[in-house]
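Please look over the sequence and the structure below before reading on. The briefing that follows goes through the chain topic by topic, in whole sentences.

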Amino acid sequence: TPHKNASLVSSGNMLSRALFSSGRVLAHAHTALKGSRMLPAISSVHRISPRLYATTSAPAARKNLDDEYEHTTELKPTNQKTAIPCFKIMDQTGTVKPASLDPNLSKDEVTKMYKTMVQLNTMDVIMYDIQRQGRVSFYMTSFGEEATHIGSAAALLPEDMVWGQYREAGVLLYRGFTLDEVMSQCTANQYDTGKGRQMPVHYGSKRLHFQTISSPLSTQIPQAVGSAYTQKLAGSPNISVVYFGEGAASEGDFHAAMNFAATLEAPMIFFCRNNKWAISTPSVEQYRGDGIAGRGPAYGMDTFRVDGNDIWAVYQVTKEARRIAKENNRPVLIEAMTYRVSHHSTSDDSTRYRTIDEVNFWRDNHNPITRLRNYMIKKGWWKEEMDQPLIQESRLAVREALARAEKALKPDIAHIFTDVFDTVPQHLQEQKAELEAHLKLYPEEYPMDHHAKSLSGH
């Protein structure tokens, strides 16, 4: 019996399991689903386009699909010869062209976006350093990808359900996840909502509609489909958004999820962060064809490719994708082209497989934070001399939150056995008793006073 108070276990999560265990039935039941409307064909390869439209495939399957084909007697294979264009509207100087595509958000909103990007960047610097000091076991930074987080988060509704991979901390910060919550999770203290059971950076927040991150790659993608389908059946005004890297798109879960989402017409966004590296594997070795975006039309899905370092392009594309998903009850794929400036994680040394010159080129010439700052300076909303006080303020806030987290007690060890079953079964009761006896036998080996409460009653 699932625990009746288990947080973050949604009906969509459970439905996704049912969906994927009954694939044949669902596939036969939806062979007559209505397809997507054709939009203009793409004519140029690797073109930066200011036009904002989704690329779709031909109409989806009908009862007699053979009648819809254009027949030919020419015996030759067909290959896609053009690439989906990359939507970009703001250059590195902060200039938006055409000006009509400037979202013209308020000064307060843009300032919040900029400060959140700086906060994320500052937090990453400090947390990476303290991992090297052994104060946390693991960490992942988001250097170079900040615009994909904040631009997309700003375009969503706060109640839209987010399924992250592991590099979306900025989405949570933008929604209101506090530094204390970040530090409590990374240090696994008694205030960690995950109760110390997860690796660092595996955040989750029921309050902010952000599903807890899982370590296994791409498991969140089919779960998000179940979540979106549940929202559709319930008549919810919200959608689901699932984030993943281009490396995760090589997993079978990605393809199964794309097909289910398309055939079930689930209102959701597949948001791929193509940062050019799946740990040490470059994107050129991960796939053939037109990247990840090229797969969208094959599944009958509206698709966008966007400059992931252009925060306004990301914002506009995500906003439009959300409109399509909600108004038409169908999924949309976004491929955000960006670059992972950082190492994959604290377990990785990227200097072994790429050059410092390559990293510096992207950091210096395609920096999303610099791009937004230049935009604000042009608007008269920011000055360069305001940066240093902001960074110092951000550093102080992170360090203070970290100090509070490190001083806090660790979670109650009894939580090892809680939140899975409503009534603890016999075999877990026996294990709990064994653990309690072990702790009493070797009290000098286990500093139980470091925990909020212990099985031994200390």
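In what follows, a contact means that heavy atoms lie within 4.5 Å. With that cut-off, and not counting residues up to four places away in sequence, Leu372 touches Met90, Val110, Met113, Tyr114, Met117, Ile311 and Trp312. The model is a predicted one, and its chain of 458 residues, of which 51% count as buried, has 14 helices and 10 strands.

**Confidence in the model**

- The mean pLDDT of the chain is 88, and 84% of its residues reach 70 or more.
- Over residues 57-62 the pLDDT is below 50, and this stretch has 14 contacts in the model beyond near neighbours in sequence.
- Residues 1-50 also have a pLDDT that stays under 50, and the model gives them 99 contacts beyond four places in sequence.
- Where pLDDT is low, the predicted coordinates should not be read in detail.

**Nonpolar cores**

- The largest nonpolar core has 73 residues, and those with the most contacts inside it are Met123, Trp312 and Leu372.
- Helix α3 supplies the largest share of this core, namely 10 residues.
- Apart from this core lies another one, of 26 residues, which includes Phe254, Ala266, Met268 and Phe270.
- In soluble globular proteins, nonpolar side chains tend to be buried together.

- Helix α3, which runs over residues 107-132, has 26 residues and reaches 38 Å from its first C-alpha to its last, close to the 38 Å expected at 1.5 Å a residue.
- Just after α3 comes Gly134, which takes a positive phi of about 85°.
- Helix α6 is largely enclosed by the rest of the structure, because seven of its nine residues are buried.
- The buried residues of α6 are Leu179, Val182, Met183, Ser184, Gln185, Cys186 and Thr187, and what covers them includes α3, α5 (169-175) and α13.
- Ala188 follows α6, and its phi is positive, near 55°.

**Salt bridges**

- A search of the whole structure finds 21 salt bridges.
- One of them joins the side chains of Asp419 and Arg197, with 3.2 Å from N to O.
- This pair links distant parts of the chain, 222 residues apart, since Asp419 is in the loop between α13 (387-407) and α14 (426-441), whereas Arg197 is in the loop between α6 (179-187) and β4 (210-211).
- Asp419 counts as partly exposed, because its relative accessibility is 24%, and Arg197 also counts as partly exposed, at 42% relative accessibility.
- Arg305 forms a salt bridge with Asp290, and the closest N and O atoms of this pair are 2.9 Å apart.
- Arg305 lies in strand β9 (residues 302-307) and Asp290 in the loop between β8 (281-282) and α9 (295-298), so the pair ties together parts that are 15 residues apart in sequence.
- Arg305 is buried, with a relative accessible area of 9%, and Asp290 is buried as well, with a relative accessible area of 12%.
- Asp348 forms a salt bridge with Arg340, the closest N and O atoms being 3.7 Å apart, and both Asp348 and Arg340 are buried.

**Cysteines**

- A disulfide is a covalent bond between the sulfur atoms of two cysteines.
- The structure holds zero disulfides.
- Cys186 counts as buried, because its relative accessibility is 4%, and Cys272 counts as buried at a relative accessibility of 0%.

- Ala248 is found in the loop between β5 (240-245) and α8 (252-264).
- Is Ala248 buried or exposed? With a relative accessible area of 2%, Ala248 is buried.
- Leaving aside neighbours within four places in sequence, Ala248 is in contact with Gln165, Leu217, Ser218 and Phe254.
- Ala248 and Asn274 are 26 residues apart along the chain, and their C-alpha atoms are separated by 10.0 Å.

Notes
Residues are numbered from 1 along each chain as its sequence is written. This is a predicted model: local features need pLDDT of at least 70, side-chain atom pairs count only at pLDDT 80 or more; totals for chains, interfaces and linings use all residues. Side-chain values use heavy atoms; hydrogens and water are left out. Helices (H or I, at least four residues) and strands (E, at least two) are DSSP runs, numbered from the N terminus. The expected span of a helix is 1.5 Å times one less than its number of residues. pLDDT is the predictor's confidence in each residue, from 0 to 100. A nonpolar core is a set of buried Ala, Val, Leu, Ile, Met, Phe, Trp, Tyr and Cys residues joined through side-chain atoms within 4.5 Å. Buried means under 20% relative accessible area, exposed over 50%, partly exposed in between (1.4 Å probe, protein chains only). A salt bridge is a side-chain nitrogen of Lys or Arg within 4 Å of a carboxyl oxygen of Asp or Glu. A disulfide is a pair of cysteine sulfur atoms within 2.5 Å.
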